[in-house]
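Here are my notes on the model you sent. Please read them with the structure open.

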Amino acid sequence: MEKPKYRRVLLKISGEALAGDKHFGLDFSVIGQVTDVIKECVEAGVQMGIVIGGGNFWRGVKNGEGYIERTRADHMGMLATAMNCMAVADVLEQKGVDVRIQTALEIKEVAEPYIRARAIRHLEKGRVVIFGCGIGSPFFSTDTAAVLRAAEINADVILLAKNIDGVYNADPAKVADAVKYDAISYEDVLAQHLAVMDSTATSLSMDNHIPVLVFALKDPKNILRAVMGEKIGTIVGE
């Protein structure tokens, strides 16, 4: 196998992606395909950190608005991410991949607490590290958690696996002639209010000079293509 372009990556997967066509809960056929590709990346020598959203179970702002105080609603979302982390970790282990879960909220019976030095050591030993519970604070998205963890583990790139194949100047589902970018700067993403990540996450990636590669998860093989340096999706950088 050819040499990967990136040595250490942070893969961000939305919770909705894990639900597949069911749009709620877990679709293990989807998880199986995604974990197959993660295993291929590990076997190619890529160090994999993963952040998973929780929107297939609970989105704090959307689901709690008007009913539950925002802080508590966000904490519920963090627990949703922990469930997703455990599901993905279990499927990876079934495939023979060594994996560790680290959570920003302490759930010591099922996961390690997040400790940066320990996470890096796991990565150096070839283990996949799945980071759960966001950053452990309300009002911050799992996109922001992905960028923060990427900065902390010195990741070469953030792989943002979404339900769209890149960054467009408008929503391609609503605008027929929307133009896809091959590359775009952080500043332009912020100035044009493009829905790549939330503004906090985009600013944090800009401040820490971490490129973000946005691509479609519909074909999970895109994860491997991304780490090998194939031209897919949109790269957001300087």
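1. The model is predicted, and local features are discussed where pLDDT is at least 70.

2. The largest nonpolar core has 40 residues. Leu 11, Val 128, Ile 130, Leu 159 and Phe 215 have the most contacts inside this core. Beyond four places in sequence, Leu 159 touches Val 9, Leu 10, Leu 11, Lys 12, Leu 213, Phe 215, Ile 223, Ala 226 and Val 227. In soluble globular proteins, nonpolar side chains tend to be buried together.

3. Helix α5 spans residues 116–124, and its buried residues are Ala 119, Ile 120, His 122 and Leu 123. Seen down the axis of α5, these buried residues fall within an arc of 155 degrees, so they line one face of the helix. They pack against the strands β1 (8–13), β2 (47–52), β3 (99–103), β4 (112–113) and β5 (128–132), and against helix α6 (142–152). Just after α5, Gly 126 has a positive phi of about 85 degrees.

4. Asn 222 belongs to helix α9, residues 221–228. Is Asn 222 buried or exposed? Its relative accessible area is 13%, under the 20% cut-off, so Asn 222 counts as buried. The side chain of Asn 222 reaches the backbone oxygen of Ala 216 at 2.9 Å. Leaving aside neighbours within four places in sequence, Asn 222 is in contact with Phe 215, Ala 216 and Ile 232. Of these, Phe 215 is also among the residues with the most contacts inside the largest core.

Methods:
Residues numbered from 1 in each chain as written. Predicted model: local features only at pLDDT ≥ 70, side-chain atom pairs only at ≥ 80, totals over all residues. Heavy atoms only, no water. Core = buried A, V, L, I, M, F, W, Y, C linked by side-chain atoms within 4.5 Å. Buried < 20%, exposed > 50% of the residue type's maximum accessible area, 1.4 Å probe, protein only. Contact = heavy atoms within 4.5 Å. Helix = DSSP H or I, 4+ residues; strand = E, 2+ residues; numbered from the N terminus. Arc of directions from axis to C-beta. Polar contact = N/O pair within 3.5 Å; in protein donor to acceptor, adjacent residues only side chain to side chain.
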